[in-house]
Amino acid sequence: IEGGGGGGGGGGDGGGGGGFGGEGGGGEFVRAPLAQTVDRLVEMPHGLFRADGHGRAHRHAARASGMGGMASVGDGVSHAKEAFRNFEQEASSLGTAGGAEPEDRAAAASGSAGGAASALKKPRNLADIYRPPLEICFRGTLDELRATGIEQGRWLLVNIQSPTEFASQQLNADTWRDEALRTVIGAHFLFWQQYFDSEYGAQYVRYYLREPLPLPHVAVIDPRTGQLCKALTGFVSAERLMDLLMQYADRVLQPMPTLGNDFGGGGDGAAGGQEVQAQNSPSQNLSALEQAALPLAAEVTAEESEELNAASDDRYWAGFEVGPEPEPGPEVVQIAVRMPDGSRATGRRYTTFTVLGSVLSALHAAGHRLSAARTYALVNTIAQPRMTLSDLSAPLSSIEVSGKQMMLMLQDS
């Protein structure tokens, strides 16, 4: 200390040196510099493309362990920019369902009752709230998805997500958790969810999307042709998506026709078609004057009988007792109906022993006018095979109407 003080008093460079660097002065200790080190600050996600040529080997090793091979939403692999998900918990819940065998993928696409129940339980944290619908996700490549869709006769429902778009998290938290929507997807669709920058998601982006990428992206794909039938961007509510999916759930995917079947009908087919048309033509034996008068007569008749027909329809459907809407209970189901014209009747609660006539009467009273001269049938498209109810005195339970809410289709003939 004395030596340091003396150096300072001198006022020169030597004094300063005495204060800090003098060996005998007892100055402040200066540690040695740290050695240089090289370390990794952030773990590289499995799904990002690697320049070392070993990415494929890592993907195969991950797939063999049941974890999937890319930064896929459905395979439980982490993403560097994902903020909410708990990938370790998701991987443990997937168990062996993430295998690469076709039978494993089919089972994963169909989902399990136990997994669905656990996914729909009350969330405890952010990871549970924004958890993707792993139970209904198909795990495989785009080509494998199409092949399975053709084999099972199902439409493809694709969701391309971005971890930086909160609308992607909203889809997981709200839309994909809807119980009725999950039921429709499980019965008629193969659901495929990917990040846009994953290996498989990037392939889809190259085929179907353009810059700037419209994310999140929800689309219905025809597995036979690969055609994008309908696409939606951003957050989509479960009700809106249900309306869209029911338009495709009602259509049965038939095998693609061959050239011979489509255009090789020959002369017999053409002659037969002409013969049927001639037999079904009501005016083939009328004179030219009579045929010209037919549209005018029909128009006059329709104008005069429109009010009478409407009153007759009202009296007919009023004959079926509807009663007040029941409170929620074990044998009460909220039913939304897809009308023959494509519109959607708002959901109303019915007991499972309500007869078809009462359901149609309620629809007629709600403004969806039904003709008393036509025959209607309610179709449960979720049941396998489909179940149809056309007897006006038969209860809803005869087509296995159950659960809290359902979507049925109304057909007329």
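1. In this note, buried means under 20% relative accessible area, exposed over 50%, and partly exposed in between, with a 1.4 Å probe and protein chains only. Helices (H or I, at least four residues) and strands (E, at least two) are DSSP runs, numbered from the N terminus. The model is predicted: local features need pLDDT of at least 70, side-chain atom pairs count only at pLDDT 80 or more, and totals for chains, interfaces and linings use all residues. Residues are numbered from 1 along each chain as its sequence is written, and side-chain values use heavy atoms, with hydrogens and water left out.

2. Strand β3, residues 217-221, is mostly covered, since five of its five residues are buried. In a regular strand the side chains alternate between the two faces of the sheet. Both faces of β3 are covered: H217, A219 and I221 are buried on one side, and V218 and V220 are buried on the other.

3. Two strands are taken to pair if DSSP finds at least two bridges between them. Strand β1 (residues 155-161) runs antiparallel to β3 and is joined to it by five bridges. Within this pairing, I160 has H217 of β3 as its bridge partner.

4. Strand β4 (residues 228-233) is also antiparallel to β3, again with five bridges. Here V218 stands opposite L232 of β4. The hairpin of β3 and β4 has six residues between the strands, and G226 in this hairpin takes a positive phi near 80°.

5. A pocket is defined on a 1 Å grid over the protein atoms alone, as an open set of points where a 1.4 Å probe fits, with protein on both sides within 12 Å along at least five of seven lines; lining residues have an atom within 4 Å of a point. Grid points are joined across faces, edges and corners, and a volume is the space filled by probe spheres set on the points. The second largest pocket has a volume of about 240 Å³. It is lined by 15 residues, of which T183, I382, S402, Q405 and M406 are the closest to its centre.

6. By class, the lining of the second largest pocket has seven nonpolar, five polar and three charged residues. Ala, Val, Leu, Ile, Met, Phe, Trp, Tyr, Cys and Pro count as nonpolar, Asp, Glu, Lys and Arg as charged, and the others, Gly among them, as polar.

7. A salt bridge is a side-chain nitrogen of Lys or Arg within 4 Å of a carboxyl oxygen of Asp or Glu. The whole structure contains nine salt bridges. One of them joins E135 to R182, with the closest N and O atoms 3.7 Å apart. E135 lies in the loop between α7 (126-129) and α8 (142-152) and R182 in helix α10, so the pair ties together parts that are 47 residues apart in sequence. Both E135 and R182 are buried.

8. R338 and D243 form a salt bridge in which the closest N and O atoms are 3.7 Å apart. R338 counts as buried because its relative accessibility is 7%, whereas D243, at 23%, is partly exposed. A network of salt bridges links E239, D243, R338 and R344.
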